[in-house]
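Me: I'd like to go through this one and ask what stands behind each label. Can you set the values against the definitions as we go?

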Amino acid sequence: MPKNSTTPSQNYPNPQAPQTPNKPPTPKNPATLSYYPLATLAQAYVPVQTYDKTFSPEEALEKGTLFPELYRPYPY
Amino acid sequence: MDHIQMQMLRDIQKLEFTAIELTLYLDTHPDEQAPLNDYNKTAEKLDSLKMLYEKTYGPLMAYGFSSSPCPWRWIEGPWPWEITL
Amino acid sequence: MWLYEKILEYPVRVYKTDLRMAKYLMAQYGGPDSELSAGVRYLTQRYSMPTNRAKGLLTDIGTEELAHWEIIGTMIYKLIKDATPEQLRQEDLGGYFTEHGQAIYPADASGIPWTAAYIQATGDPVTDLHEDMAAEQKARTTYEHLIRLTDDPGIKDALRFLREREVVHFQRFGEELNRVQEELIANKVF
Ligand SMILES: [Fe+2]
């Protein structure tokens, strides 16, 4: 093995290190979380939205979405 | 373009945007009754508002979707990109 | 068949001449991650989608992108319509004026003309939906850069609306990706 090769572990976080929780906000309907209980490796998923409260037509147009849970304002 | 026309265009934009959002939602959730009810209610309101608008200010769509008195009102300005209010 | 409706999806409240901002906005009018690319991409990919949901979704989002293309075109039109050739020259738009006058031509912020090479249609629905989700993220990023380049409340307002649309489109493409993958696995095609 070449002397100057770095060990892979230096480039990745230690899996034993305490995990900082970085959970997404809990959806109102917990079914959203279990929709894909057994996600397959090497495949991307987006949680499926459930129909809940909506903005008024006026507020929706102003915000760019009808759905409060999809509203992601940009702070600039 | 007077202020009433402007206000009506705004109100159409609001309802049409709600209809767009519900359309996209229903495309990926086609079996859900609640958004479908909201979509149908919105479509009905939008329909009557557009009819009211077109009576005074001319067609919003051509190709036979609304009728026109003489002269042909479809080509009347301002076009959407020219509205300055 | 397509129907044109004589109304913008969102009002454009732009009243001043601002050539520099007009030039930056060309990124979303004729750039790689522009609304034009988005519209042509989705309306092209829909033919080879395996599910009716995906065909419908690409038709509807593709159509909305064309409405966004019109909003961007309207902003640029309003920002440059009262400019003199001398003002255009000062903002480094002399070359643009030479070739296009005051027309709204699909080129990017550096003047490079729009090309179909900006988009892909592979015929593989998983691959195409991934491209679409990436395209929504790239357009969102471009809008964020544009928002930071202006203080004009009218321009910012329309850009914020368009940026939020990219978030919603990403969600819808993601939901459809789940379903397409599920069906491909069920049919053992994948
Ligand atoms: Fe989009």
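Reply: Helices here are DSSP runs (H or I, at least four residues; strands are E, at least two), numbered from the N terminus. This is a predicted model, where local features need pLDDT of at least 70 and side-chain atom pairs count only at pLDDT 80 or more, while totals for chains, interfaces and linings use all residues. Residues are numbered from 1 along each chain as its sequence is written, chains are lettered from A and ligands numbered from 1 in the order in which they are written, and side-chain values use heavy atoms, with hydrogens and water left out.

Me: What makes helix 1 of chain B and helix 3 of chain C parallel or antiparallel?

Reply: Their axes lie 8 Å apart and pack at an angle of about 160°. Angles under 35 degrees count as roughly parallel, over 145 as roughly antiparallel, 65 to 115 as roughly perpendicular and the rest as oblique. That value therefore makes helix 1 of chain B, residues 3–28, roughly antiparallel to helix 3 of chain C. Helix 1 of chain B also passes helix 3 of chain C in a left-handed crossing; that word applies if the near helix is turned anticlockwise from the far one by less than a right angle, and clockwise would be right-handed.

Me: Which residues make that contact between helix 1 of chain B and helix 3 of chain C?

Reply: Contact means heavy atoms within 4.5 Å. From helix 1 of chain B come B:Ile20, B:Thr23, B:Leu24, B:Asp27 and B:Thr28, and from helix 3 of chain C come C:Arg53, C:Gly56, C:Leu57, C:Asp60, C:Ile61 and C:Glu64. They divide into four nonpolar, three polar and four charged. For the classes, Ala, Val, Leu, Ile, Met, Phe, Trp, Tyr, Cys and Pro count as nonpolar, Asp, Glu, Lys and Arg as charged, and the others, Gly among them, as polar.

Me: Why does helix 1 of chain C get the label it has relative to helix 3 of chain C?

Reply: The axes of helix 1 (residues 19–30) and helix 3 (residues 52–80) of chain C come within 9 Å and cross at roughly 160°. The two helices are therefore roughly antiparallel to each other. Helix 1 of chain C passes helix 3 of chain C in a left-handed crossing. On the helix 1 side the residues include C:Leu25, C:Met26 and C:Tyr29, and on the helix 3 side they include C:Trp69, C:Ile72 and C:Ile76. The contact of helix 1 of chain C with helix 3 of chain C has twelve nonpolar residues, two polar and no charged.

Me: How do you know what area is buried between chain C and chain B?

Reply: Buried area is the accessible area (1.4 Å probe) that two parts lose on being put together, summed over both. For chain C and chain B that gives about 2,700 Å², with 61% from carbon and sulfur atoms. The contact takes 30 residues from chain C and 32 from chain B. C:Glu5, C:Lys6 and C:Ile7 supply 27% of the area that chain C buries against chain B, more than any other three residues.

Between chain B and chain A the buried area is about 1,100 Å², of which carbon and sulfur atoms give 71%. In chain B, B:Lys14, B:Phe17 and B:Tyr25 lose the most area to chain A, together 45% of what that side buries.

Me: What makes A:Glu58 and B:Lys14 a salt bridge?

Reply: A salt bridge needs a side-chain nitrogen of Lys or Arg within 4 Å of a carboxyl oxygen of Asp or Glu. The closest N and O atoms of A:Glu58 and B:Lys14 are 3.9 Å apart, so the pair qualifies. The count between chain B and chain A is one salt bridge, while between chain C and chain B it is two. B:Glu21 and C:Arg165 meet in a salt bridge at 3.0 Å, N to O.

Me: Why does the salt bridge of B:Lys50 and B:Glu16 tie parts of chain B together?

Reply: Their closest N and O atoms are 2.9 Å apart. B:Lys50 lies in helix 2 of chain B and B:Glu16 in helix 1 of chain B, so the pair ties together parts that are 34 residues apart in sequence. Over all chains, the structure holds 22 salt bridges.

Technical notes. Axes are lines fitted to C-alpha atoms, for helices over the stretch in contact, and angles run from 0 to 180 degrees between N-to-C directions.
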